Amino acid sequence: QAAGWRQPKSASARACRPAMAPGSPFGQDLLARAREVRGQEHLQADVQLLEEIQAFLTSKEAESAREATHTLLESYPDWWTRNRRAPPGLQIESQEDLETLYRHAGELYGFGIP
């Protein structure tokens, strides 16, 4: 297991939330929201990749901080969040999920979205 990763207490207790389909018109809105929230008017990013990252993050939202394996700045209005509020955290359920989270973090950093 990777450092900092722990098995969630009750993975079945969390309902998986639906995500936007890749290639949806919502993708352009994601880029606009990223520009707005991050204060970077000329931010360039692959819209399809933003959609993929958003789908992953929203599918891993924890219902409560108690269930979260990774905490977030609660209620932070980030580009990928629903209703412009971050969830209490993410519930990362496997080593593969953890690796995907790290890969997406690196991709976002590459876009200038730390």
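Contact here means heavy atoms within 4.5 Å. Keep that cut-off in mind, because it decides which residues count as touching.

This is a predicted model. The chain averages a pLDDT of 76, and 73% of its residues score at least 70. Over residues 1-26, pLDDT stays under 50. The model still has 52 contacts beyond four places in sequence for that stretch. Among the elements, H1 has the lowest mean pLDDT, at 78. H3 has the highest, at 94.

Now the layout. The chain has three helices and two strands. From the N terminus on, they run α-α-β-β-α. Of the 114 residues, 40% count as buried. Take the contacts with a separation of 6 or more: residues 24 or more positions apart account for 69% of them. The accessible surface comes to about 6,500 Å². Carbon and sulfur atoms hold 53% of that surface.

Turn to helix H3, residues 95-111. How far apart should the ends of its 17 residues be? At 1.5 Å a residue, the helix should span 24 Å. Its end C-alpha atoms are 25 Å apart, which agrees.

Which residues of H3 are buried? They are Asp97, Leu98, Thr100, Leu101, His104 and Leu108. Look down the axis of H3. The buried residues fall within an arc of 160 degrees, so they line one face of the helix. The face turned away from this buried side carries the exposed residues Glu96, Tyr109 and Gly110.

What covers the buried residues of H3? The cover includes helix H2 (47-59), strand S1 (70-71) and strand S2 (89-90). Just after H3 comes Gly112, which takes a positive phi of about 90 degrees.

Next, look at the largest nonpolar core. This core has 19 residues. Leu50, Leu57, Trp79 and Ile113 touch the most other members. Helix H1 (26-38), H2 and H3 each supply at least two residues of this core. The largest share, six residues, comes from H2.

Finally, pick out Leu57. Leave aside residues up to four places away in sequence, and Leu57 touches Trp80, Leu90 and Leu101. Leu101 is one of the buried residues of H3.

Terms used
Residues are numbered from 1 along each chain as its sequence is written. This is a predicted model: local features need pLDDT of at least 70, side-chain atom pairs count only at pLDDT 80 or more; totals for chains, interfaces and linings use all residues. Side-chain values use heavy atoms; hydrogens and water are left out. Helices (H or I, at least four residues) and strands (E, at least two) are DSSP runs, numbered from the N terminus. The expected span of a helix is 1.5 Å times one less than its number of residues. Buried means under 20% relative accessible area, exposed over 50%, partly exposed in between (1.4 Å probe, protein chains only). The arc is that of the directions from the helix axis to the C-beta atoms. A nonpolar core is a set of buried Ala, Val, Leu, Ile, Met, Phe, Trp, Tyr and Cys residues joined through side-chain atoms within 4.5 Å. pLDDT is the predictor's confidence in each residue, from 0 to 100. Accessible areas come from the Shrake-Rupley method with a 1.4 Å probe; for residues, only the protein chains shown count as cover.
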